Amino acid sequence: MSGTAQRLQITAANPDPALLDLPWHVPLEDWPAETLAALPRGISRHVVRFARMSGRVVAIKEIGETVAYREYELLRQLRKLEVPSVEPVGVITGRRSPEGEPLEAVLITQHLQFSLPYRALFSQSLRPDTATRLIDALAVLLVRLHLAGFYWGDVSLSNTLFRRDAETFAAYLVDAETGDLHDRLTDGQRSYDLEVARVNIIGELMDLQAGEFLDEDEDAVAIGDALAARYGELWRALTETESFGFGERWRVQARIDRLNDLGFDVGELDILTDLDGTTVRIQPKVVDAGHHSRRLMRLTGLDVGENQARRLLNDLDEFRATTDRQAEDEAFVAHDWLTDVFEPAVRSVPRDLRRKLEPAQVYHELLDHRWFMSQQQHRDVPMVEVAHSYVQDILPTRPDEQAVLGTRPEDLRDDDGYDPDQLIG
């Protein structure tokens with residue numbers, strides 16, 4: 001390298017020496033192909049590239065130094081708050097070209113494996129309920145962010161990644177550039193964030209319709225309005241005050257059970273009575289998402305999505321009933337289910353197909369396939385037969401979701417007979 005030497009400053013909680021091997025003296029848009037991960041890029045206001053480093057893939061975004069540091073810290077705080085978001089790796093400043101020209105700082109984040117950008121989920125053969133599932137996932141994410149005091153400022157499908165979570169999706173914040181963290185958000189801040197989300201989503205869907213990637217009969221405005229409605233329902237369920245007579249104290253547990261069904265644990269509940277003791281008012285003060293995933297983690301050590309955990313727990317309960325072990329310690333039964341049922345089923349997938357889906361998602365689809373085969377054959381089909389059929393006939397048709405990132409809709413419609421609807425099954 002000729003000219004002025006660069007004096008890199010690397011800010012990272014766990015700095016990886018492999019960072020020094022990347023060509024920081026080259027503008028990001030000119031990085032050589034051998035450095036990059038072979039992943040299609042999505043839409044971004046900045047130059048973004050994906051690079052392989054120490055056996056993993058990282059996303060690198062060129063951005064102003066002040067903004068890079070701010071977004072890095074925000075993402076770190078969101079991770080501490082256990083809000084679904086990408087994991088920050090670090091910030092690098094002090095970059096210079098061989099001629100001594102200053103280059104923009106970069107923000108580095110961990111690539112979210114098995115995640116799908118929204119553009120990869122929309123095509124002309126879109127399943128009717130896929131848009132609803134994405135909107136539901138985004139509404140849950142926005143509620144969780146607002147409960148944590150995070151104002152996003154630029155809520156959109158483009159700034160979100162989606163991962164399969166059983167029959168639904170889970171949403172993850174990707175871009176926190178416009179965000180801000182507060183102790184508590186005002187109703188005005190929440191309303192503005194929600195309106196930005198509604199308008200952005202309508203615009204993004206109309207853009208897809210203009211490009212003929214979304215059926216023109218789909219009502220983009222109604223889908224955007226559905227986000228606001230779903231958000232409102234969930235926010236009220238989690239936060240509003242409920243009043244009832246003193247003789248209806250069972251409603252306290254009923255409220256907790258209802259929140260558990262929504263996937264939230266109640267960490268703190270305000271219970272107030274009026275002066276004469278005839279009326280009780282309750283309001284959740286601390287709610288934490290992940291009720292089912294925490295229970296599954298405690299029983300089996302499996303770290304999976306909330307709805308995946310719900311499905312696996314149902315299968316565990318079924319295993320407990322069919323083996324007549326309801327009276328035994330749940331932890332012992334869970335261990336046997338894990339070693340005798342879940343792990344053999346997941347291991348039945350050949351190594352060359354394991355990039356297709358996460359193990360928990362594979363098991364979820366195996367359960368669906370077992371139901372389908374049992375209906376067809378009018379018998380309880382053993383999991384060994386189910387796994388063989390699934391691996392032979394279903395899984396090979398799936399794209400490698402571990403690697404899909406930023407895929408454009410037109411990339412999903414090739415000439416090889418690939419059906420995009422298989423991606424969003």
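Reply: One definition comes before the rest: a residue counts as buried when its relative accessible area is under 20%, and as exposed when that area is over 50%. The model is a predicted one.

Me: Is Gln209 buried or exposed?
Reply: Gln209 is found in helix α3, residues 187–210. The cut-off for buried is under 20% relative accessible area. Gln209 has a value of 18%, so this residue is buried.

Me: Which residue has its backbone oxygen 2.7 Å from a polar atom of the Gln209 side chain?
Reply: Leaving aside neighbours within four places in sequence, Gln209 is in contact with Leu214, Asp215, Glu216, Glu218 and Ala220. The backbone oxygen that lies 2.7 Å from a polar atom of its side chain belongs to Glu218.

Me: How many bridges join β8 to β9?
Reply: Strand β8 covers residues 160–165 and runs antiparallel to β9. Thr160 stands opposite Leu173 in β9, and Arg164 has Phe169 as its bridge partner there. The number of bridges joining β8 to β9 is 6.

Me: Which residue in the hairpin of β8 and β9 takes a positive phi?
Reply: The hairpin has 2 residues between its strands. The positive phi, near 60 degrees, is taken by Ala166.

Me: Which residue of β8 does Ser115 stand opposite?
Reply: β6 and β8 run antiparallel and are joined by 3 bridges. In this pairing, Ser115 stands opposite Arg163.

Me: Why is β8 described as largely enclosed by the rest of the structure?
Reply: Thr160, Phe162 and Arg164 point one way from β8, while Leu161, Arg163 and Asp165 point the other way. Residues on both sides are buried. The strand is largely enclosed because the count of buried residues in β8 is 6 of the 6.

Me: Which element gives the largest share of the largest nonpolar core?
Reply: This core has 50 residues, of which Trp152, Phe162 and Leu173 touch the most other members. The elements that give two or more residues to it are α1 (65–80), α2, β9, α3 and α4 (220–239). The largest share, 10 residues, comes from α2.

Me: How many residues are in the other core, which includes Ala309 and Met383?
Reply: This core lies apart from the largest one. Its members include Ala309, Leu312, Leu338 and Met383. Its residue count is 32.

Me: How many residues of β3 are buried?
Reply: Strand β3 covers residues 56–63. β2 (residues 48–53) pairs with β3 over 6 bridges in the antiparallel sense, and 6 bridges join β3 to β5 (residues 105–110), also antiparallel. β3 is largely enclosed by the rest of the structure, because its buried residues number 7 of the 8.

Definitions and conventions
Residues are numbered from 1 along each chain as its sequence is written. This is a predicted model: local features need pLDDT of at least 70, side-chain atom pairs count only at pLDDT 80 or more; totals for chains, interfaces and linings use all residues. Side-chain values use heavy atoms; hydrogens and water are left out. Two strands pair if DSSP finds at least two bridges between them. Helices (H or I, at least four residues) and strands (E, at least two) are DSSP runs, numbered from the N terminus. Buried means under 20% relative accessible area, exposed over 50%, partly exposed in between (1.4 Å probe, protein chains only). A polar contact is a pair of N or O atoms within 3.5 Å; within protein, one must be able to donate a hydrogen and the other to accept it, and residues adjacent in sequence count only if both atoms are side-chain atoms. Contact means heavy atoms within 4.5 Å. A nonpolar core is a set of buried Ala, Val, Leu, Ile, Met, Phe, Trp, Tyr and Cys residues joined through side-chain atoms within 4.5 Å.
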